[in-house]
Amino acid sequence: INLGAALYELRDFQGAADAFQGALAINASDTVARFNLANTLTEGHLFTASIYEFQKVLSLKPDWDEAFANMMRNQETVCDWRARDSRMLRLQSIIEMQMQQNFSSIIRPWHALAYPFSLHLLKAISASIAIKTRAGVESLGAKPHAQYPRWSIHLTKRGGRQRLRVAYVSYCFSGHPTSFLISGLFRHHNRSKFHILCFALNVGDGSQERKGIEKDCETFVSVAGQSPISIAKDINDAKTHVAVNLDGWTSMGRTNDVFALTPAPTQIQYMGFPGTLGAQYVPYLVADSIVAPPEMASAYTERMLFLPRSYYVNDYSRQFMKKTYLKGHLKQILESVAIPDSEIRNLRLKHQMPSHGPLLCNFNNLYKLSPDMFEHWIEVLKRVPESSMVLLSLPQDAVSNLRNEASARLGNSSRFFFCTYGTKGSTHRAFLSLYRVLGYTAGQRPHCCHGRILGNPPYGDSCS
């Protein structure tokens, strides 16, 4: 078991699984070994096999809450909705009891967004993890950085004007959806007022997004491989006035550990996580009055920084957009792209989609789907006889379950099509080119991400 645990930490999941299976060959009733095996199979995206192992654990220890929560997470991932209501009630009861006892949540805030929990419970889950995060970095001997007086903050100068130093911190400066969205942000800052820094917690991947961000910000610092303590010191030593957390609870790693050390006097959450961090050390959230109505302020620990129209940023200089320059300023003008019908048919057939008829598409990971939203989609397909539904096969384990759900409602699943995301190294730009031949973006609730990165007319609320 110890060997398996060590290999797991090294992310050698195949080696870890072999070690845990070796332990089970000696004692098949060892629930700890089987629990660890189930978690390892999850990391290897072998969700069906993992569910089977969790079920065996629970047959021996039915009250093991963490095993139940992890199993349910995988059942949601593969869209196994059998007995979902009773499972969800049990999970909610477990989490509510943990919150009452001031324990840390056994489910991650990011995962909880996909569950039909109350806003109050989601806030409590985030707050419990925020407390655990700060306690974790302090247990290593680290202490939050002293909040040097704001009136004595050193301001760099450019052209005789003082400038604020704003640091964006993220693990996703790569070919990641977040960077795909924000890659145009950095070049639009007013450099006479702001010095823009980016601290990248991830290794460069050579993507167009990474290269663009490196070019467009004034100071780009790679801190990949450094400890949270070291990263926080670098941000503080850079005399950062405002630090922006672009990841939130989408990353359970170093980004939040860094912010728990308060390397800047002002810390803000933006873009990455569509909910409250629940962290007193990140007291501000950039939003707008539509996605975060003022009357729902109690669902957040942060103070809202409302942008006048939309909090949402997008890089409109991507493909299908036309750039024009006027007096040195970049204006983005949407340009409709006319595609011949024959090309549309050929592209659809290439991706094994029907050659005609309206296509509804939703390119979320399938764990974000819910039975209620699926029922809405089915109703649309019933009302529009020639329409079809296109989903991602992420994960592949979910496809058969969704086909069974479709067959139970429509008589067969012939109007459901599943496409793959692409091979490793394929870009979001290449993948999203599929939208040139698709018709409507099918929305969903609850929201687990930020939508509208495309341009298709939405059915419902876009979330891709």
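**Reading helix packing and cysteines in a predicted chain**

Guide: Among contacts (heavy atoms within 4.5 Å) between residues at least 6 apart in sequence, 62% join residues at least 24 apart. The model is predicted: local features need pLDDT of at least 70, side-chain atom pairs count only at pLDDT 80 or more, and totals for chains, interfaces and linings use all residues. Residues are numbered from 1 along each chain as its sequence is written, and side-chain values use heavy atoms, leaving out hydrogens and water.

Visitor: At what angle do helix 3 and helix 5 pack, and how far apart are their axes?

Guide: Two packed helices are described by the angle between their axes and the distance between those axes. Axes are lines fitted to C-alpha atoms over the stretch in contact, and angles run from 0 to 180 degrees between N-to-C directions. Here, helix 3 (residues 31–43) and helix 5 (residues 65–77) pack at about 25°, with axes 11 Å apart. The two helices are therefore roughly parallel (angles under 35 degrees).

Visitor: Which residues of helix 3 and helix 5 meet?

Guide: From helix 3, F35, N39 and T42 meet E66, A67, N70 and N74 of helix 5. By class, this contact has two nonpolar, four polar and one charged residues.

Visitor: How many disulfides does the rule count?

Guide: A disulfide is a pair of cysteine sulfur atoms within 2.5 Å. The count is zero. C198 is in no disulfide, the nearest cysteine sulfur, that of C217, being 3.9 Å away.

Visitor: Is C198 buried or exposed?

Guide: Buried means under 20% relative accessible area, and exposed over 50%. C198 counts as buried because its relative accessibility is 0%. C79 is also buried, at 1%.

Key:
Helices (H or I, at least four residues) and strands (E, at least two) are DSSP runs, numbered from the N terminus. Angles under 35 degrees count as roughly parallel, over 145 as roughly antiparallel, 65 to 115 as roughly perpendicular and the rest as oblique. Ala, Val, Leu, Ile, Met, Phe, Trp, Tyr, Cys and Pro count as nonpolar, Asp, Glu, Lys and Arg as charged, and the others, Gly among them, as polar. Buried means under 20% relative accessible area, exposed over 50%, partly exposed in between (1.4 Å probe, protein chains only).
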